[in-house]
Amino acid sequence: MVTNSSSSMQQPLCHDSESSALLQFKQSFLTDKHASYDPSAYSKVSMWKSHGEGSNCCSWDGVECNRETGHVIGLLLASSHLYGSINSSSSLFSLVHLQRLDLSDNYFNHSQIPYGVGQLSRLRSLNLSYSGFSVPIPSSLVELVNLRYLSLRGNYLNGTVDLNIYNDTNVTHPKLKILGLDECNLTKIPEFLQNQDKLEVLCLSNNKIHGPIPSWMWNISKETLVTLILSGNFLTGFEQLPAVLPWSRMHILDLSSNMLQGSLPVPPPSTFDYSVSGNKLSGQIPPLICNMSSLSLLDLSGNSLSGRIPQCLTNLSSSLSILNLRGNHFHGSIPQTCTETNNLRMIDLSENQLQGKIPGSLANCMMLEELVLGSNLINDIFSFWLGSLPRLQVLILRSNLFHGAIGRPKTNFQFSKLRIIDLSYNGFTDNLTYIQADLEFEVPQYSWKDPYSFSMTMMNKGMTREYKKIPDILTIIDLSSNKFYGEIPESIGNPKGLQALNLSNNALTDPIPTSLANLTLLEALDLSQNKLSREIPQQLVQLTFLEFFNVSHNHLTGPIPQGKQFATFPNTSFDGNLGLCGSPLSRACGNSEASPPAPSIPQQSSASEFDWKIVLMGYGS
């Protein structure tokens, strides 16, 4: 709730003229809950009263008064369900003492930003973002010489921002500190920025800005700029790119999701977060990157960078939290990482041409939550020691050259937090007959609050899916397309929180265990392309969340379970099993085939077989 009220201090008395102006402003709008996007939005003006208790406007929600003079200095009505039009005759512009005005996340019905805003000469902060305003931007903004914060993001602006009035050297114009013009349909970087030398935050993301970044950009606000966000445009390159970008106080630089070509720009050493993902940059990572001793996030994913990953990146391990080099053309071995005290939480080196083995130094990455090495040429056996990482939640090794039996580790590696494991498309061999785990998975209760979205690509529900953000409670086991053999044991039903299980394209035999019915949250089950036999357990009808089911190309016989989710599965889910009958197949079942099978009896464990503690590790226990 935005309010100036305080239970411990008496409110000053509002001026009658300002109270009247506020009430007129209120009456000029309708209240419509659809006018605001924020789910916590509410009508802040609904309790404004002209008489009786609560009529002092300094006590009104969204109104801020000077405690000495009683003048209204702040009107903070973001997400207030305001709907209607506003023009220069609005009583709002008689509140000449206003210093802060926030009308964001309302809907002003394609009104133009009123020229009258120039009358608010004391204004220091103006936020009109996501409020349905349209062009043109009034030239009277130049009269707001005290303005330091301006946000017009998410409005119906077109082409360029017509603020060339700021280029008039004969006029004293605002020296902005924060400027937000995101999602304004801009097609070029506003030229008035050339005269802004005090900017600290500049956001121009998700526009239609095209062409190269002009050379004059390197000269704006060199001593003050902290955050520059140009993501989500059509920028193609750089004019006169300096060896190191010049902003000495830079903390956040986001050039992601453009069409940038050329070599990788090098931010100043002060940078914390650097993202240039989703571009067309080429060449090697410049050694100067390793001078960024404060770097916390480095995202170079989705480019055409090549060469070896510099060993000097390990010098950043004490500060670096996110390292994402996914989807480039890096080759050679993975450098030794976490050789010193480190804070790495995510490493994504997938979709490159990396070779060799997983470096043992990763065992020192005690903060690591996500390790994604899929789609490379890594030739190694399974690294049991990864189970010692106490926070590891996501392990993706798919589509490499891993090989050999997984078996059982010689020491107790727990994988205590792991909830997603993908070992698919490798050459692992092992007997799955016996499961050595009695832990029950629970749906994780933790949640990642980091603003950076961890991502991954893996098979789920029969198709390759790219997760731009990994859901906090997603739990998946994928061992498909390996050389696993033997029986699927009954204890596969222990991990109650499991949502997807893929054991397809192996050499598994014998019946499908009835205990799979215990996986009550299961949404996808793929057992296709194996050598499974006997009947499909009738108990699987109990899996009411099941959206994808595939047992095709096995040796299954007998009736297909009927009802509930099984009524939604296509013929292709059962193809290649000549002994199956019943809907959705055209082959009817005889009476002798109608009875459900008896449950399988689990066999005793054997220490020489595959240790399922690797994949049944507790999920959030």
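I count a salt bridge when a side-chain nitrogen of Lys or Arg is within 4 Å of a carboxyl oxygen of Asp or Glu. E64 sits in strand β2 (residues 63-65) and R100 in strand β5 (residues 100-102), so this pair ties together parts that are 36 residues apart in sequence. Strands here are DSSP runs (E, at least two residues), numbered from the N terminus.

Before going on, I noted the ground rules. This is a predicted model, in which local features need pLDDT of at least 70 and side-chain atom pairs count only at pLDDT 80 or more, while totals for chains, interfaces and linings use all residues. Residues are numbered from 1 along each chain as its sequence is written, and side-chain values use heavy atoms, with hydrogens and water left out.

Next I checked accessibility. Buried means under 20% relative accessible area, exposed over 50%, and partly exposed in between (1.4 Å probe, protein chains only). E64 is partly exposed at 23%. R100 is partly exposed too, at 36%.

How many salt bridges are there in the whole structure? The search finds eight. I looked up two others.

D182 and R153 meet through their side chains at 3.1 Å, N to O. D182 lies in the loop between β8 (178-180) and β9 (201-203), and R153 in the loop between β7 (149-151) and β8, so the pair ties together parts 29 residues apart in sequence. D182 is buried at 5%, whereas R153 is partly exposed at 26%.

K357 pairs with D380 in a salt bridge, the closest N and O atoms being 3.9 Å apart. K357 is in the loop between β22 (353-355) and β23 (370-372), D380 in the loop between β23 and β24 (394-396), and they are 23 residues apart.

Then I turned to cavities. A cavity is a set of points on a 1 Å grid over the protein atoms alone where a 1.4 Å probe fits but cannot get out. I found seven of 30 Å³ or more. Lining residues have an atom within 4 Å of a point.

Definitions and conventions:
1 Å grid on protein atoms, 1.4 Å probe; cavity = no way out; pocket = protein on both sides within 12 Å on 5 of 7 lines; lining within 4 Å. Points joined across faces, edges and corners; volume = space filled by probe spheres on them. Helix = DSSP H or I, 4+ residues; strand = E, 2+ residues; numbered from the N terminus.
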